[in-house]
Amino acid sequence: MLLIGMFDSPFVRRVAITMKLLDLPFEHGNWSVGKDFGRIREYNPLGRVPTLVTNDGETLMESAAILDYLDELAGPERALLPRAGTERRTALRLMAMATGAAEKGLLQIYERVFRPEDKRHAPWVDRCRLQMSSSLAAIDRYLGEHGVSQWLVGKRMTQADITAVCAFTFLNDALRVAADAVMFQSLAMLAARCESMPAFQETRMAFFAPKS
């Protein structure tokens with residue numbers, strides 16, 4: 001399979017980590033949505049990442065759809081998203097907060113990097129930061145209530161942990177969210193534990209500036 005996109009994207013990275021954890025071999029198309037925009041559009045008309053080209057030549061877009069496909073390949077016993085019930089709903093809720101936080105972080109970065117300073121709207125940036133921080137705080141609080149030595153959902157790593165850590169690491173690299181307050185201590189501990197694992201280390205790419 002071919003995974004298109006750079007690992008400085010938390011959305012690309014969570015797919016890559018998942019594929020490594022599930023022992024699903026892939027070729028990495030380390031393409032930037034900036035300089036490689038045209039090349040990516042040959043597979044995805046939006047020019048967005050991640051994009052996955054399966055062994056059958058099918059093209060999948062958006063990380064959530066790709067992760068669903070990977071779980072299907074892995075089978076129900078190895079799938080990283082719980083199959084049903086409370087655990088599945090909890091994982092999906094935590095994942096939604098994590099990806100939402102990452103998206104609000106990206107909006108802040110785009111405002112800072114691409115918009116002239118005199119055109120920036122501070123109340124809107126502040127709103128994005130509040131949404132981002134509130135989502136991270138909610139995940140951190142949930143994790144703290146269940147003990148920092150445990151996973152977010154159940155007794156093993158799930159997609160909730162992968163997604164939360166990818167989002168947190170990205171936001172900390174780009175916006176230094178860990179310095180904001182002690183409210184993220186539990187999440188920071190989970191991230192440190194996960195980032196020491198091979199699948200996370202092999203996909204680690206510090207974020208310096210947006211590529212599109």
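1. Helix α3 lies across β3 and β4, and its direction is at about 125° to that of β4. For such angles, axes are lines fitted to C-alpha atoms, for helices over the stretch in contact, and angles run from 0 to 180 degrees between N-to-C directions. Contact here means heavy atoms within 4.5 Å. The helix and strand names follow DSSP runs numbered from the N terminus: helices are H or I with at least four residues, strands are E with at least two.

2. A word on the model before going further. This is a predicted model, in which local features need pLDDT of at least 70 and side-chain atom pairs count only at pLDDT 80 or more, while totals for chains, interfaces and linings use all residues. Residues are numbered from 1 along each chain as its sequence is written, and side-chain values use heavy atoms, with hydrogens and water left out.

3. Now to the sheet itself. It is open and has four strands, in the order β2-β1-β3-β4, with mixed pairing; two strands pair if DSSP finds at least two bridges between them. At the edges are β2 and β4 (59-61), each of which pairs on one side only. From one strand to the next, the twist averages 20°.

4. Looking at β1 (residues 2-4), you will find three bridges joining it to β3, and the two strands run antiparallel. Ile 4 stands opposite Thr 51 in β3. Helix α1 also packs on the sheet, touching β1 and β3, and its direction makes about 155° with that of β1.

5. How many salt bridges are there? The count comes to seven, where a salt bridge is a side-chain nitrogen of Lys or Arg within 4 Å of a carboxyl oxygen of Asp or Glu. One of them joins the side chains of Arg 78 and Asp 23, at 3.8 Å from N to O. Arg 78 lies in the loop between α3 (63-74) and α4 (85-114), and Asp 23 in the loop between α1 (10-21) and β2 (27-29), so this pair ties together parts that are 55 residues apart in sequence. Arg 78 is partly exposed at 37% relative accessibility, whereas Asp 23 is exposed at 61%. For these labels, buried means under 20% relative accessible area, exposed means over 50%, and partly exposed is in between (1.4 Å probe, protein chains only).

6. Two further salt bridges are worth a look. Asp 36 forms one with Lys 35, the closest N and O atoms being 3.2 Å apart.

7. On to the aromatic residues, where the structure holds two aromatic pairs. The rings of Trp 31 and Tyr 43 have centres 5.9 Å apart and planes at 40°, so this pair is tilted. The rule takes rings of Phe, Tyr and Trp (its six-membered ring) as paired if their centres lie within 6.5 Å; planes under 30 degrees apart count as stacked, over 60 as edge-to-face and the rest as tilted. Trp 31 sits in the loop between β2 and α2 (37-41) and Tyr 43 in the loop between α2 and β3 (51-53), twelve residues apart, and the pair links distant parts of the chain. Trp 31 is buried at 11% relative accessible area, and Tyr 43 is partly exposed at 30%.

8. The rings of Tyr 110 and Phe 114 have their centres 5.8 Å apart and their planes at 50°, so this pair is tilted too. Both residues lie in helix α4, four residues apart, or about one turn of the helix. Tyr 110 is partly exposed at 30% relative accessibility, and Phe 114 is partly exposed at 47%.

9. Please also check Trp 151. The charged end of Arg 193 sits over the Trp 151 ring, 4.5 Å from its centre; the rule asks for NZ of Lys or CZ of Arg within 6 Å of the ring centre and within 35 degrees of the ring normal.

10. Finally, Arg 156 is in the loop between α5 (122-145) and α6 (159-175), and is partly exposed with a relative accessible area of 38%. Leaving out residues up to four places away in sequence, Arg 156 touches Glu 77, Arg 78, Ala 79, Leu 80, Trp 151 and Asp 161.
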